[in-house]
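Q: I am new to this structure. Please show me how to read its features one at a time.

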Amino acid sequence: MSTDLARRNVESYYDNLRAERLAAPATLSAADKKIVTALREAGVYQTRLEDLNLSGTEQMLSQAHEVRADIETRLAAGSALVDDPFLIQANKSELADRAEIFLFGLNERLLEIVENYLGLPVAFGGFNFFYTLADGCERGARVWHLDGEDESIVKVAVYLNDVDVDGGPFEMIRHRLYKGSQPYTRPARHEKLERVIGRNIGADEIVTCTGPKGSVIFCDTARYYHRGKPATGQNRTAIFFNYYPRPPRRPYFCGKPVVALEDLEVAPNRLSDYQRQSAQWRESLPPIAKYVLPK
């Protein structure tokens with residue numbers, strides 16, 4: 001099958017999904033509509049856990065602080081216990097007995113916010129629990145990049161400590177970047193990115209999300225260049241919850257989460273059908289998802 005025909009088939013499939021969703025729209029509060037509007041207009045929205053007031057927040061934070069302590073214990077034991085010093089994150093053994101973090105990402109309000117923004121059913125891609133050292137290194141997720149799982153995806157970040165401009169804040173460039181007349185989409189360090197696009201990136205073009213612990217950032221990381229600014233002042237701990245359209249256009253780019261629902265002990269009555277479908281989307285991938293489309 002040609003790429004053009006495959007793409008038409010895929011877009012027809014998604015058009016049908018959008019039509020089905022529009023026929024039964026979710027009802028959002030005024031506060032949640034504000035988040036969706038900000039994502040559509042600016043690509044990013046920052047708030048606080050206390051303002052969101054989501055159920056399960058206290059339980060999530062309690063377990064998150066335990067995980068951070070485990071990571072710091074592992075780091076103190078030596079570099080042999082760290083797979084990649086430039087991308088330190090909680091491992092499966094540190095997360096498997098702490099289901100409240102995963103369940104927080106499945107909060108129905110979060111799912112509905114993301115679904116309203118995407119205009120498609122939502123898939124929960126699990127979470128990454130990052131511990132960023134204040135070493136100033138510009139590598140991995142600390143270089144400017146776009147996520148490639150779909151045309152539009154959402155990540156929701158939660159800071160577990162105060163983050164100032166030197167503490168590794170999440171950053172996003174407000175608009176698309178071009179090399180000549182073509183959109184530029186490759187990862188790059190800041191200086192290289194400026195060389196490639198042929199101009200300096202002004203401070204007013206960058207959204208820098210500083211904030212106290214408990215800050216929450218919603219961002220479309222497929223449409224907008226983003227990074228964790230290299231930290232120099234203090235280490236940063238943050239959880240990134242991942243959301244895609246269900247199914248994603250490029251499911252083969254959606255890495256298996258560090259922990260999935262089947263890895264956790266969760267009573268069946270704690271999840272609605274909506275939450276379970278979002279968490280277990282890989283089990284019901286349609287044939288259309290087998291088409292390998294270029295970015």
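Q: What volume does the second largest pocket have?
A: A pocket is found on a 1 Å grid over the protein atoms alone: it is an open set of points where a 1.4 Å probe fits, with protein on both sides within 12 Å along at least five of seven lines. Grid points are joined across faces, edges and corners, and the volume is the space filled by probe spheres set on the points. Here the second largest pocket has a volume of about 550 Å³. The model is a predicted one, in which local features need pLDDT of at least 70, side-chain atom pairs count only at pLDDT 80 or more, and totals for chains, interfaces and linings use all residues. Residues are numbered from 1 along each chain as its sequence is written, and side-chain values use heavy atoms, with hydrogens and water left out.

Q: Which residues line the second largest pocket, and how do they divide by class?
A: Lining residues have an atom within 4 Å of a point. Ala, Val, Leu, Ile, Met, Phe, Trp, Tyr, Cys and Pro count as nonpolar, Asp, Glu, Lys and Arg as charged, and the others, Gly among them, as polar. The second largest pocket has 22 lining residues, with Leu146, Glu151, Arg176, Thr185 and Ala222 nearest its centre. The division is eight nonpolar, four polar and 10 charged.

Q: Which strands supply the lining of the largest pocket?
A: Strands (E, at least two residues) and helices (H or I, at least four) are DSSP runs, numbered from the N terminus. The largest pocket holds about 640 Å³ of space and is lined by 35 residues. At least two of the lining residues come from each of β2 (88–89), β3 (122–132), β10 (226–228) and β11 (236–245). The largest share, six residues, belongs to β3.

Q: What is the strand order of the open sheet of six strands?
A: Two strands pair if DSSP finds at least two bridges between them. The order is β1-β9-β4-β11-β3-β2, and the pairing is antiparallel. Nine bridges join β3 and β11, and Phe124 has Tyr243 in β11 as its bridge partner.

Q: Where does helix α7 lie?
A: Angles run from 0 to 180 degrees between N-to-C directions, with axes fitted to C-alpha atoms, for helices over the stretch in contact; contact means heavy atoms within 4.5 Å. Helix α7 (residues 108–118) lies across β3, β4 (154–159), β9 and β11, at about 55 degrees to β11.

Q: Why is one side of β8 and of β10 left without a neighbour in the sheet?
A: In the open sheet of three strands the order is β8-β5-β10. β8 and β10 stand at its edges with a single partner strand each, so one side of each has no neighbour in the sheet. From one strand to the next, the twist averages 20 degrees.

Q: Which way do the side chains of β5 point, and are they buried or exposed?
A: In a regular strand the side chains alternate between the two faces of the sheet. Buried means under 20% relative accessible area, exposed over 50%, and partly exposed in between (1.4 Å probe, protein chains only). In β5 (residues 170–173), Phe170 and Met172 point one way, Glu171 and Ile173 point the other way, and all are buried.
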